[in-house]
Amino acid sequence: MATPESDKLRRALLALCPDDKTIVCHQQLYEALGLEDEPAKARLRSRIKDLIRRGELRRIKGRDGCYTYHREAMPKRAGEGFGRMWRAIRAAKPGWTWQDIAQITRVDYTMVRRYAVWLADEGFIAQAGRRGNTRLWRSTGRAQEQRVAPLPPIRPKDPFEAERGAACRLVRLMMEADPIQPHVKGKIAKELDILTRRFEPAAREESEGDHDQP
């Protein structure tokens, strides 16, 4: 089961490992996630063991605490519940309710409601009248053309995903590479440019605002 901690770990791994040959170690992950106390580090190592069992992380022989990350083994977003709900929605006659789908599929009502709201926003289902205060629904032509369950995003896109990745790679370059080397300087400049383009305008506005204060 996905947890906030495992999601953060995956984001760090995706930032630090652009391919399945790049090696990442415990210390790099501690720094990327800002972990300083031992209990937090122990929880991370527990999450790492989970990813090893899944095949997402693979140990490097002879190098304790070092791994490669394999994106193809990341969990699929298509859950059994989504598949059951989608099949029931496509098969149901117009005039069904969220409660009907929950009872048919044995999926929690809250999950059905959230999925149905998203489906309505995406044009897969539409309202088909009311029964008292209860809204009735029907599947649309788009839904009938879509045999595989459409999947809502797991979570909103991280607005700082690019910047977090740049910061992780920058730390790695400063810790492991030789900044004197021209090719390393170029990589450092590239990551700094990503951070500068995002944060310099805001810093400039704040500075100008301070100068405007009487």
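Before that, the ground rules. This is a predicted model, where local features need pLDDT of at least 70 and side-chain atom pairs count only at pLDDT 80 or more, while totals for chains, interfaces and linings use all residues. Residues are numbered from 1 along each chain as its sequence is written, and side-chain values use heavy atoms, with hydrogens and water left out.

1. H2 against H8. The axes of helix H2 (residues 26-33) and H8 come within 10 Å and cross at roughly 135°. Helices here are DSSP runs (H or I, at least four residues), numbered from the N terminus; axes are lines fitted to C-alpha atoms over the stretch in contact, with angles from 0 to 180 degrees between N-to-C directions. H2 and H8 are therefore oblique to each other (under 35 degrees is roughly parallel, over 145 roughly antiparallel, 65 to 115 roughly perpendicular, and the rest oblique). Right-handed means that the near helix is turned clockwise from the far one by less than a right angle.

2. Who touches whom there. On the H2 side we have Gln28, Glu31 and Ala32, meeting Cys168, Val171, Arg172, Met175 and Glu176 in H8 (contact is heavy atoms within 4.5 Å). By class, that contact has 4 nonpolar, 1 polar and 3 charged residues (Ala, Val, Leu, Ile, Met, Phe, Trp, Tyr, Cys and Pro count as nonpolar, Asp, Glu, Lys and Arg as charged, the others, Gly among them, as polar).

3. H8 gives the largest share of the lining, 4 residues. The lining divides into 4 nonpolar, no polar and 6 charged residues.

4. H4 against H5. Helix H4 (residues 80-91) and helix H5 (residues 98-105) have axes that come within 10 Å and cross at roughly 120°, in a right-handed crossing. Arg84, Met85, Ala88 and Ile89 in H4 meet Ile101, Ile104 and Thr105 in H5; by class, this contact has 5 nonpolar, 1 polar and 1 charged residues.

5. H5 against H6. H5 and helix H6 (residues 109-121) have axes within 9 Å, crossing at roughly 125°. H5 and H6 are therefore oblique to each other. Trp98, Gln99, Ile101 and Ala102 of H5 make the contact with Tyr109, Val112, Arg113, Ala116 and Val117 of H6.

Conventions
Helices (H or I, at least four residues) and strands (E, at least two) are DSSP runs, numbered from the N terminus.
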